[in-house]
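Have the structure open as you read.

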Amino acid sequence: MRILTYPEAVREATDQEMSIDPSVIVLGQGVDDPKAILGTTKGLAAKFGPTRVFDTPLSEDAMTGVAIGAALAGLRPIHIHIRMDFMLLAMNQLVNMVAKMRYMFGGSVSVPIVIRSIIGKSWGQGPQHSQSIYPLFMNIPGLKIIAPSTPYDAKGCLINAIRDNDPVIFIEHRLLYYQKSYVPAKPYTTAFGKARILSKGRDITLVGISQMAIECLRASIYLFKETGIRAEVIDPVSLAPLDIDTIARSVKKTGRLIIVDNAWVPCGLGAEIISRLLVESKLKGFVAQRMGFAHTTCPTTPALEKYFYPNAQSIAMKAYQICRPGKKHWRPNTKLKIEEVEFKGPF
Amino acid sequence: MSKISKINLGLTERFYRSLYRIRKVEEEIARIYPTDKIKSPVHLSIGQEAVSVGICEALRLKDKVFGTYRGHAMYLAKGGDLKKMIAELYGKVTGCAKGKGGSMHLIDTNHGIMGASAIVGTMIPVATGYAYALRYRKSNSLVAAFFGDGAVDEGAFHESLNFAALKKLPILFICENNTYAIHSHHLKRHHSDNIFIRARTYGMPSERIGDGDIFKIYRAANKYIAKIRQGKGPAFLECLTCRWKEHVGPNDDFDLGYRSEDEVSCWKKNDPLKEIGLLLSTATRERIESKVQVEIEEAFSFAEKSPFPSKEKIYQDVFAKSL
Ligand SMILES: Cc1ncc(C[n+]2csc(CCOP(=O)(O)OP(=O)(O)O)c2C)c(N)n1
Ligand SMILES: [Mg+2]
């Protein structure tokens, strides 16, 4: 079995699709520079030339429009933002234009673009390099939103996104770049709208978005090794469309749920999942909690930043409280070496 | 009348037909509007037709145009289907956007009309990206992007001109400067009266046509289009013009006091429709006019008779395949 890191999987997916399909192009600030978007576009400019892989001016708004226009003409552009925060400058094109174009033109156009963006965390990313604004997009019809946590899904989902005839927002996370997993060498697609169960369990369901899926996986190890609680960890992978059925089946079994957003909590995926379980899946009598970023601006100093994000310990403690109500306080033994935890399969 | 000897009569007839058709369609829209059959705000181009006609007559079928909510003239000048346009205004399922776009989002990809947007300035980068794809494919076609003087205030305008010049894209930018963004005079929004000169600083040839002369617009378009087709990169035309009616809706707006009737009447005196008409014989004019009248009657009756979209259409076309 061949093991790749997350950025290697993203790079390979792009390279393979560009080789198969000459309509695939890559644009964004720094895509052809020596750092090559943390390696994810490495070698592509040399291999495919400067009309297919090009650096852009610092014009996020217009360059999103340019990608849209190129897609209208039948190209399949991948527009990359090294930080998700920069997408805020492109909201006009993303929300007012691309999400609506097929609809407002009565189905007479297709806009097959992929927007890749990377969420930052730690090393002092601070207020403006750490945001994770997928809940804003989830409110908008006409966008597909994908946030895989494993290299395997990163490759399959990115290929699926490139081949998709609708706009896809593809969300990565800087810390997921350390993840490794089994990744087949051949091109393959991972269909949207299917959640991935990262680990099986019967006591509580932990739904983690993007890098929080990995924190949930780590939490599940603390829980099992130290308390015997078996958590089922789910990575939704696809946020829109959302696979509520897989989550509903799990919660039906466990009766307990924590959703760990990789974003602020209000109006986030936690709110969405709990409401849909109640309203659509008609589940009753389950216990649910939401976790996510502290509702404040992300502080730069590590002394405060450590309180900003949920982590394996805080998730495990919350899960323990839900599974063992009334029991005395439990804190996981952080000496357990779990930083390396990653989901390698089976896929 | 030295003009007449220099110009080709076939072209004059085409100009007249197109100008007349747009004017009469919009006058009919204005006439019908109070009945509330038109389910869409309308931003009429009456007075501004010469810009769209002068440019579009210089384009080929395969060339693409992108426009704004004030887009009836561009749509018709480029050859857009009249029946589908009126049906779209009526909100009918037979409209060019199946009733989901209305007057502000006309599209007819069969005739190279790639759509219009109601958010000021948003189509300029999209048109630029389309031009990128044309160049990438080594196509011989080009893009014409139409927008108003208000769009010049937006960042996307400047970002797009920079990128188009940088990549030498096959695109003609056309600023229809009618002096106002709604009721705001352009010198209340711009330091200087120099939109076309600003375009030049981004690295493309530019020109202002100050009097709305359709022959001048057509000639300038041809000159720049030839250069664009040779791969020389984008060009920019600022066409001064005048909107006769209110910003949105079918009426005059002199009661508002933001502009004087004199400002508009000097443009009305030089109405290109009248001027071009005078270059043709009465018989030719009448032949053109009666054909257009029939076409308009047919289009409005097509719209009247067409059905509204049925309920389940509300979720159609959000995505390529419904989820
Ligand atoms: C981004 C944006 N801001 C404001 C508006 C409201 N608005 C609609 S039309 C218009 C005027 C635009 O003027 P101009 O570009 O000169 O076009 P004209 O109406 O004169 O043809 C404004 C401000 C809008 N639609 N989009
Ligand atoms: Mg104006």
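On the chain B side, B:Tyr136, B:Glu159 and B:Phe319 supply 18% of the area buried against chain A, more than any other three residues.

A word on ground rules. This is a predicted model, where local features need pLDDT of at least 70 and side-chain atom pairs count only at pLDDT 80 or more, while totals for chains, interfaces and linings use all residues. Residues are numbered from 1 along each chain as its sequence is written, chains are lettered from A and ligands numbered from 1 in the order in which they are written, and side-chain values use heavy atoms, with hydrogens and water left out.

Now zoom in on chain A. It splits into domain 1 (3–182) and domain 2 (196–325), with bounds that come from an automatic or database domain assignment. Taken over C-alpha atoms, the centres of these two domains of chain A are 26 Å apart. Their contact draws 28 residues from domain 1 of chain A and 31 residues from domain 2 of chain A. The area buried between the two domains of chain A is about 2,200 Å², and carbon and sulfur atoms give 59% of it. In domain 1 of chain A, the residues losing the most area to domain 2 are A:Lys121, A:Tyr134 and A:Met138, together 23% of what that side buries. Across this interface of domain 1 and domain 2 of chain A, the rule finds one salt bridge. Look also at A:Asp153 and A:Arg196, whose side chains meet in a salt bridge (2.7 Å, N to O).

So where is the empty space? Rolling a probe the size of a water molecule over the atoms shows where it is left. On a 1 Å grid over the protein atoms alone, a cavity is a set of points where a 1.4 Å probe fits but cannot get out, a pocket is an open set with protein on both sides within 12 Å along at least five of seven lines, and lining residues have an atom within 4 Å of a point. Grid points are joined across faces, edges and corners, and a volume is the space filled by probe spheres set on the points.

The largest pocket holds about 630 Å³. Of its 26 lining residues, A:Ile140, A:Pro141, A:Gly142, B:Phe319 and B:Leu323 are the closest to its centre. Domain 1 (3–182) and domain 2 (196–325) of chain A both give residues to the lining of the largest pocket, so it lies between them.

Two cavities of 30 Å³ or more complete the tour. The largest cavity has about 70 Å³ of space, and its lining includes A:Gln29, A:His79 and A:Phe86. The second largest cavity has about 40 Å³; among the residues lining it are A:Gly142, A:Asn165 and B:Val318.

Definitions and conventions. Buried area is the accessible area (1.4 Å probe) that two parts lose on being put together, summed over both. Contact means heavy atoms within 4.5 Å. A salt bridge is a side-chain nitrogen of Lys or Arg within 4 Å of a carboxyl oxygen of Asp or Glu.
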